[in-house]
Amino acid sequence: MTWAPFYVGNGIPRDVELGDPPPWRTFPRKPLHREFQPPADLIRAVNAALALRRPLLITGPPGSGKSTVIEQVATELQLGDVLRWHITSHSTITEALYRYDALGRIHAQRLEGSSGSDDIQPFLQMGPLGTALLPTERPRALLIDEIDKSDLDLPSDLLDVLERGEFEIPELTRYREDTVHIRGWGRTEPQPVIKGHVQCIAFPFIVLTSNGERDFSSAFLRRCIRYTMPLPTVESLRNIVAAHLHIGETQGPSVDTLIEQFVARIAVGESLALDQLLNAVSVLTADGAPEGGDADAVMELILRELSRV
């Protein structure tokens with residue numbers, strides 16, 4: 001990466017070469033399964049979830065690598081592309097299972113008239129959770145990201161689906177044809193659904209992440225394998241930085257100092273994310289990196305505590 005004063009603030013047009021971005025900011029986004037450095041206890045928690053066919057609930061601060069572990073597991077076990085459900089306060093279990101465009105179907109019927117097709121198939125699509133529960137011999141990998149951001153009722157709504165591994169599509173239970181092929185989420189090809197009933201054969205590997213901003217019911221927790229991300233250490237962060245930036249074990253005194261300061265700030269309760277550290281190290285080791293007071297000012301911008309406005 002190159003650090004240079006690309007923008008100088010004089011409004012004069014000029015040719016500028018921006019150089020290469022950091023490895024984690026190239027597009028299309030590349031999976032980070034090779035760079036991820038899982039703690040030993042997390043490996044045990046993953047294996048417990050796989051053996052028991054239970055979801056894995058990982059709690060930790062933002063940017064601690066909670067959502068990256070599933071990419072590594074899916075790659076190692078050849079589970080295919082990771083299905084992703086990013087939770088907001090408006091997320092519902094229905095949208096995660098399937099989506100039905102009722103208005104689109106009505107509009108199509110009006111355009112085609114009474115003699116037109118009544119095919120429901122083009123107006124249905126599986127959601128990420130519904131796709132993960134389709135009957136396949138190999139389990140799919142599903143990330144349910146930031147479950148603590150959900151409406152209060154959503155974890156409870158998930159209980160029956162996660163316990164039984166099945167659900168119904170009411171629009172199909174009343175449909176004239178027994179078998180309908182429905183598009184899956186992401187790159188998943190259309191799959192047959194018989195009489196509106198979806199039943200998994202291999203329970204998916206599900207990772208739920210939480211930033212620890214709310215509590216969950218005991219009924220929900222007992223259905224999960226739970227793991228809390230540990231506080232980072234200087235040694236673990238050195239390994240992570242080396243894996244992401246490929247700068248070797250000897251990273252230089254300035255990088256070591258930055259890592260030690262980062263760990264010390266987290267230890268006293270400051271809210272910082274791992275990608276902030278990676279950004280800071282990337283700038284510090286770039287060609288033409290800022291020095292002296294400029295370096296201090298840039299580091300302050302990059303490593304600003306997340307709880308500060």
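Strands count as paired if DSSP finds at least two bridges between them. This is a predicted model, where local features need pLDDT of at least 70, side-chain atom pairs count only at pLDDT 80 or more, and totals for chains, interfaces and linings use all residues. Residues are numbered from 1 along each chain as its sequence is written, and side-chain values use heavy atoms, with hydrogens and water left out.

**The whole chain**
- The chain has twelve helices and eleven strands; these are DSSP runs numbered from the N terminus, with helices being H or I of at least four residues and strands E of at least two.
- Of its 309 residues, 42% are buried (buried means under 20% relative accessible area, exposed over 50%, partly exposed in between, with a 1.4 Å probe and protein chains only).
- Taken along the principal axes, the C-alpha atoms fill a box of roughly 75 × 50 × 35 Å.
- Among contacts between residues at least 6 apart in sequence, 77% join residues at least 24 apart; contact means heavy atoms within 4.5 Å.

**The sheet**
- Five strands make up an open sheet with parallel pairing, in the order β2-β5-β10-β1-β11.
- At the edges sit β2 (83–86) and β11 (225–228), each pairing on one side only.
- From one strand to the next, the twist averages 20°.
- Helix α2 (residues 69–76) packs on this sheet and touches β1, β2, β5 (141–145) and β10 (205–210), with its direction at about 175° to that of β5. Axes here are lines fitted to C-alpha atoms, for helices over the stretch in contact, and angles run from 0 to 180 degrees between N-to-C directions.
- Looking at β11 residue by residue, Arg226 is the bridge partner of Leu57, while Ile225 stands opposite Leu56.

**The cores and helix α6**
- The largest nonpolar core has 39 residues, of which Met126, Leu129 and Leu172 touch the most other members. Such a core is a set of buried Ala, Val, Leu, Ile, Met, Phe, Trp, Tyr and Cys residues joined through side-chain atoms within 4.5 Å.
- Helix α6 (residues 154–164) supplies the largest share of this core, five residues.
- Leaving aside neighbours within four places in sequence, Met126 is in contact with residues including Leu97, Phe167, Ile182, Trp185 and Val198.
- Leu154, Pro155, Leu158, Leu159, Val161 and Leu162 are the buried residues of α6, and their cover includes β2, α5 (128–132) and β10.
- Gly165 follows α6 and has a positive phi, near 65°.

**The α11–α12 pair**
- Helices α11 (residues 274–284) and α12 (residues 292–302) pack at about 160°, their axes 9 Å apart.
- The two are therefore roughly antiparallel (over 145 degrees; under 35 counts as roughly parallel, 65 to 115 as roughly perpendicular and the rest as oblique).
- On the α11 side, Gln276, Asn279, Ala280 and Val283 meet Val298, Met299 and Ile302 of α12.
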